[in-house]
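Here are my notes on this model, in the order I'd go through them with the viewer open. Have a look at the structure, then read on.

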Amino acid sequence: MSAAERRIRLGYVGAGRQAQQVHLPNFASIEGCDLAGLAEVRPSLGREVADRFRIPELYPDHRALAADRRIDAIAVSAPFELQGEIARDCLERGKHVFMEKPMAISLAQADRILDASRRGGGRLMIAYMKRYDAGNILVRDVVRQWRRSGEAGALRYVRAHGFRGDFQVGVDAIVSRSAEAPPLAPNTNFPEWLTRDRTAYVDYLQQYTHNINLVRYFLDAAGDAQIEHVDLDDDGSGIVILRVAGVRCVLETGRLAYHRWDEHVQVYFDGGWILTWAPPLLVRNTTAEVEIYRGGAGVLDSTRFPGVQHSVSRPIPEPRGSWAYRREAEHFIERLLSGEPFDSEGADTRTDVRLFEEIYRRRLGV
Ligand SMILES: NC(=O)c1ccc[n+]([C@@H]2O[C@H](COP(=O)([O-])OP(=O)(O)OC[C@H]3O[C@@H](n4cnc5c(N)ncnc54)[C@H](O)[C@@H]3O)[C@@H](O)[C@H]2O)c1
C-alpha cells in the first residue's frame with residue numbers, strides 16, 4: 001500500500017461536549033482517518049452520538065475499544081481526573097493516543113502514562129490546540145527569527161494573561177446531554193501532598209496548563225523551566241513568576257465576565273514586542289490575532305536600533321480561516337502516517353505537570 005493510501009482506523013473515547021463540538025466533527029472529516037468506533041459509558045448518549053456521526057461500532061467503555069485489534073489509534077476526551085487512566089490503558093494495549101489536556105493530575109501519574117507508552121509502543125500526543133493555531137505559529141517563528149538575528153536586541157520578558165470569559169460566544173453546535181450519571185472519578189492519582197483544595201487545583205491546572213505550555217512553545221523550551229514566585233487566591237486568581245529558558249515570564253490568571261475570551265501572550269525584546277490574542281476557542285476558521293511592534297532609534301537610546309522605523313504591523317496568519325482544533329487533529333493523523341514526532345508530545349508535557357505541582361505546593365505551603 002502506498003503512503004498516500006494508508007489510513008488510520010481511529011476509535012474515540014467519551015461522547016461528551018468536547019467530543020461533539022470539536023473532535024468528532026474534525027476526525028470524521030479528515031483525510032486519512034476512518035472514525036471506526038466510539039466508547040461511551042453512558043449507553044444512550046453513546047448510541048445517539050454514534051448515530052449522529054455515523055460511527056459504525058459502539059463500545060461500552062474504553063477497555064472494550066482498546067481490546068479491538070482493528071483499531072490503530074484512540075482519541076480521548078473524558079473528565080479531567082479520569083482521562084489519564086483511560087489513555088494509560090489504551091497505550092498499554094499498544095494504541096497510539098491523542099488525549100485532551102491535562103495529561104495527568106500528578107507527576108507520578110504522568111510517569112505511569114509515559115511508561116505505558118514505552119511498554120506498549122503507542123505514541124502519545126496531548127491536545128494543546130494553541131500550538132496548532134496559525135497565529136501562534138507565526139509568533140513562534142518571529143520570536144525565533146529575532147532571537148537568531150539579534151535584530152531586536154535581547155529577549156527580556158514574557159507576559160501570559162488568562163482571565164477566561166465566554167469560550168463559546170453563542171456558537172451553535174448541537175450537543176446531546178445525558179440524564180445518565182457520569183462516572184465517578186477515582187481519587188488515587190492526586191499528588192500525595194495534595195490533601196485539600198483538590199477541586200481548585202484541578203481547575204487551575206486544567207485551565208492554565210494551556211498558557212504555560214504555549215509560553216514554552218514560543219521560547220522553544222523543553223524542561224528548562226522553574227517556578228520563582230507564586231501569589232494565588234483560592235479561586236486561582238493571581239500571578240506566578242517563572243524562568244523559562246532563562247527568560248522571566250509572568251502568568252496572570254483570573255476571571256472576568258467578558259463577552260469573548262480574555263487571553264493573550266506578549267513577548268518583549270529590547271527593540272519591540274510580539275503579541276498574540278486568542279480567539280474564543282469554539283469559533284471556527286479564526287486564528288489568533290498577531291501584532292508586531294518594532295521600536296526604532298531615538299526613544300531611549302538613539303544608538304540602539306539605528307535606521308529602524310517605528311512600526312506596528314498586524315500580519316494575517318496563514319492559512320487564513322483555519323481553526324486550531326482542526327489543525328491539531330490533522331497533525332495527529334499526518335504524524336502517525338509519516339512517523340515524525342508530534343509538536344505536542346506526551347513526554348514534553350511532563351514539564352507542565354511538574355510546574356503545576358510546584359506552583360500549588362508553593363500556594364499551599366506544603
Ligand atoms: N482543549 C481545550 O480547550 C478543551 C476545552 C474543553 C474541554 N477540554 C477537555 O476535554 C475533556 C472532556 O471535557 P467534556 O466537557 O467533553 O466532558 P464531558 O463530561 O462532557 O464528557 C466526557 C465523557 O466521557 C465519558 N466517559 C468517562 N469515562 C469513560 C470511559 N471509561 N469510557 C468511555 N467513556 C467515558 C463520560 O460519560 C462523558 O460522556 C476534559 O478533560 C477537558 O479538559 C479541553
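How many residues of the shell around the ligand are nonpolar, polar and charged? Keep that in mind; the count comes in point 2.

1. Ground rules. This is a predicted model, in which local features need pLDDT of at least 70 and side-chain atom pairs count only at pLDDT 80 or more, while totals for chains, interfaces and linings use all residues. Residues are numbered from 1 along each chain as its sequence is written.

2. The ligand shell. The answer is 16 nonpolar, seven polar and six charged residues. For the classes, Ala, Val, Leu, Ile, Met, Phe, Trp, Tyr, Cys and Pro are taken as nonpolar, Asp, Glu, Lys and Arg as charged, and the others, Gly among them, as polar. In total 29 residues surround the ligand, and the closest are Gly14, Gly16, Arg17, Gln18 and Glu100.

3. Who supplies the shell. H1 and H4 are the elements giving two or more residues, and H4 has the largest share with four. Helices here are DSSP runs (H or I, at least four residues), strands likewise (E, at least two), numbered from the N terminus. Both domain 1 (3-127) and domain 2 (131-326 + 351-364) put at least three residues into the shell; the bounds come from an automatic or database domain assignment.

4. The centres of domain 1 and domain 2, over C-alpha atoms, are 26 Å apart. Domain 1 brings 25 residues to the contact and domain 2 brings 23, with contact meaning C-beta atoms, placed from the backbone, within 7 Å. On the domain 1 side, H1 (17-27), H2 (43-52), H4 (80-92) and H5 (107-120) each supply at least two residues. H1 gives the most, five. That side splits into 13 nonpolar, seven polar and five charged residues.

5. Strand E7. E7 (residues 155-165) pairs antiparallel with E11 (residues 261-269) over eight bridges, where pairing needs at least two DSSP bridges. Ala160 has Val265 as its bridge partner in E11. E7 also runs parallel to E10 (residues 247-253), joined by six bridges, with Val158 opposite Cys249.

Definitions and conventions. Two residues are in contact if their C-beta atoms, placed from the backbone, lie within 7 Å. A residue is near a molecule or strand if its C-beta atom, placed from the backbone, lies within 6 Å of it.
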